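Please take a short tour with the viewer open. Follow the stops in order and select as you go.

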Amino acid sequence: MNNHTGTKLTKKPLVAAIAFATSIMAAPIYAQTSEDAESDQATPKTEEIVVYGIRSSLMQALEEKRNSSEIMDAISAEDIGQLPDDNIAEALRRVTGVAITRDVDGEGENLQLRGLANRNIQINGVPLAVTNDRNINFSDFNSGLFEGLEVFKSARADKPEGGLGGSINLKTRKPSSLKGPTATLTVANRTSRSTENDQPQANLLLGNNWKTEHGKFGVLGSVAYTEVDSRGDNSVVAQYRGYAYNNNNKPAFADFNGDGAVTNADDQLNVFFPSQFRTRSIFKSSERLGGQLALDWKPNDNWHLMLEGSSFRKEEEKREPQVRISAGTNGVLSVDDQFNPQLSSRVINVLDPNGGSVPFYLLNAGTVTERNNGQGHITVDMNSDSYNENTSDTTTLAFKTTYQTDGFKVEAQIARSQADVEVYDFDTRYRYRTNLATSYDFDLGAGDQPVFTPYIDGEVLDLTSVDNLEWRDIERNYLERESIKDDFRVDFTDYVDFGPIKSYKLGVRMAQEVSDRDVAWRETTVFRNDSDTANEPLIAGDPGFDACTGPLNLDNFLGGALGNRPFSDFITNGCDYDEVTAALGLDDIRVNGDERLGAIDKVTESIDSIYAMIEFEQPLPFGDDMAISGNFGVRYSEIDVESKGFDQTLVLDVNGNPVRDTDGNLEVVLDSDGDILSLPVKFDHDYSYVLPSLNVNLRLKEDLFLRFGAAKVVQAPNINQLRPGTEWNNGGIQDGIAFESRAGNPALEPKEAYAYDMSLEWYFAEGGLLSIAPFLKDWKVNTENRVVFEQIGDETIAIRRPVDLNAEYGEQKGIELGYQHEFTFLPGLLKHTGINANYTYVEIEDDLESLTIEGIPRSFQNRIAKNSYNASIWYDDGRLSARVAYSWRDDWQIGNVTIAGITGNGNAALVPGSSGALRMMQEEIGVLDASLNYQVTDSLKFSFSAVNINDDLKNNYSGYTEIPRGSAWSGTSYKFSLKYDFF
């Protein structure tokens, strides 16, 4: 029988090439009992039909959402090893309320759930250990190993705490889901417009179930291999220089106010221009290997035992060459005597805190020169060519057992997750041998991108000649991190029939996470700096220079958007970490480098929890279909945090006051070798919390549900914020305030929030959904890095550290809309089509004390996109399936931009004064993807996909849309794959 209407046959001819290898799996370990054999003989053999494809995956995800006891969304694989996207982050962005962040090369890495960073990530219910400060890099995990993703937006008492935005569970396949012997192999190749290199992929899954005299036994194993070779370009105006009021650097004889006369009134005009420009490319090459093994045993109807393990390894190299043209605070704007900024500038009307607005003038084009006294030259350098080599490993191992009767159920899980990362990197600071440009031209309005051109005495500086290039210094770093998370849980469920109460559940969880940054080394080798002319830099002809400096050969920068880019054609090409060390004759820094004790810390977090939950269900007397169900419970947790690190000690005089050197810098205690003395410190912090939760599902009709969730949720501080040590660095300006150290705060409390969720869901047809889901979170404790003033002796010292803002509040609110429909009612081919779309609006308010810019307060609102949506149209007739999908997200903050001479006060409006920063905003982004699958035979499937088809530049700006920041480009990627089912 052949049926191609959304189905496939599981009974297929066995391929001779693997018959012997898989026959062992197909044979039972133990002989069947005579009763089983007789039963099999008496039952006629029928071919089993299994649904697959786009339609099937959407229907399955919809069914999970409909049957859930809490508010959630799901994604199901279209076939074995085939999530909708290669990258898990890319797949999750299709979920309502999820927004992802990307690397410069365009690859999705992290995500936000309803505008909040999510740190409660699990694989098959096992919490993941991470080394990146509780954040998951989803590019570490091979998507081909997962059969589905679950996003839970309301909390339950029996689920681990830790996610303010919600929780995410990554699901691998289970042996019990197999219908018999299974063997699938998928091979693929990916290429992209930016690199045009082949990137092979492969995924193999083997599994089977057996019925034996000792019960049902199943095994499933899968392995996935992926290569990534990508590139991302970036062009930015990294800094602006401002002249306001009576700034001493202001050019004389300039008619800034345009009245035709040079008077003191010109001193009141706020004029600024770009003073630092950078172009860079990121080249990333990685190999990713993942595997999963699951053993499943059901000895009888009561017992179920499972052993699950997974392993993910990523080996990655990343190079980031860049060129910088910088005037810093030294450049002088060269203007005519009768220069009129109103006619040649972009006018930004800045909100005045006292009402009204103040005009600021950003010059569209001009020339910046060195100071008249010949000092403060324009710097042109490669600052820097960065090389990064990192290896990350993440493993999980869990043993799960369930004992169940008609009256009760006991579930137990013991699990360990471990994450390790080893990082080598070096920064090679090139500089052009002349080092000094005498001027540069800038034009913010020519073409698609800002253009900068450096000059030496009127001649354009040649950035492509190796004879002009020299190595100034190189900084090498080595770092190891490890995180181990142990988890033990036991749940007891008693099924009762006491009115609406159907069961009560009691449980205990004991967990411990140890995050250890135990090795950190750094060494800087200076060939020559501006104050040291005795040491000569490396130049062409030197062995180390020639061995590691090669041509970049970069074409099509920013996809061709920027024509005459100022970019060098040289890079430390062909030299990795070990090779550059050997070429320069340097020592192994793990032996002779400077140990960065301030970057070493160990945080141990122990959590003991008990919880109780009642599940209820009751028909309502208002109609045959009406019923109410849900759960309510409470979770109590005690947390012990032990933080270890190193503390640099200040030199104090006899009166206990800090000692400063002749430059006014704080002095620190040195050891016998003259190195900074760092003493070990330890801090213990205990706290507890009570987390009530309620989920109510009201079935108004058979196809209409109203859901409500209310809970108290928590999110622990970042591990890096909990380090107890202090590093005195005597420098840096943050938000216009000079600070003299960086420190952690091991006494930080978790962020607590009261979450309220609602969802109205109408399942108006098979495969059809129309939903609306408003949500609200109200938190009372917020953590922010701030400059605080602490008393040491008689002196007040400014320290940058994370602090709890207990007196301040934050509120997140928004709404989600969802629509899914299969057009089976349409004629002809259109009956195989459908649509899936969602929209999310998120708004965050708080009372952080700062000005607003364009009506947006400081804090979280800047860091999220208020509006986002996803829409896809698909076709699936059972043999041919295709999808076109578009994802859009509006502006959000990605960093800060310095404006010297005009304070931006972090994210606030421009203010004339000392150096400050404006928020760097990413402009709205839309990404168009497409995929096509064709079932060639019952065994063979062909797939094609294209990502980022529209290939748009990712533009950003500084505070105001009139102030350009720069652009990024990663190009379109394409993938071809073949999947073969051997059974």
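**Stop 1: a strand pair**

Start with strand β5, residues 108-113: two bridges join β5 to β6, and the two strands run antiparallel. Keep in mind that this model is predicted.

**Stop 2: a loop residue**

Move on to E161. Look for E161 in the loop between β9 (146-152) and β10 (167-172). Is E161 buried or exposed? Its relative accessibility is 14%, under the 20% cut-off, so E161 counts as buried.

Next, show what surrounds E161. Leaving aside residues up to four places away in sequence, E161 touches N120, R509, I607, S609, R635, S637, Y689, L691 and V714.

Select S637 from that list. In sequence, E161 and S637 are 476 residues apart; in space, their C-alpha atoms are 9.1 Å apart.

**Stop 3: polar contacts of the side chain**

Stay on E161 and display side chains. Which side chains make polar contacts with the side chain of E161? One is that of S609, at 3.5 Å. Another is that of Y689, where the contact is 3.3 Å. Both S609 and Y689 are also among the residues that E161 touches.

Conventions
Residues are numbered from 1 along each chain as its sequence is written. This is a predicted model: local features need pLDDT of at least 70, side-chain atom pairs count only at pLDDT 80 or more; totals for chains, interfaces and linings use all residues. Side-chain values use heavy atoms; hydrogens and water are left out. Helices (H or I, at least four residues) and strands (E, at least two) are DSSP runs, numbered from the N terminus. Buried means under 20% relative accessible area, exposed over 50%, partly exposed in between (1.4 Å probe, protein chains only). Contact means heavy atoms within 4.5 Å. A polar contact is a pair of N or O atoms within 3.5 Å; within protein, one must be able to donate a hydrogen and the other to accept it, and residues adjacent in sequence count only if both atoms are side-chain atoms. Two strands pair if DSSP finds at least two bridges between them.
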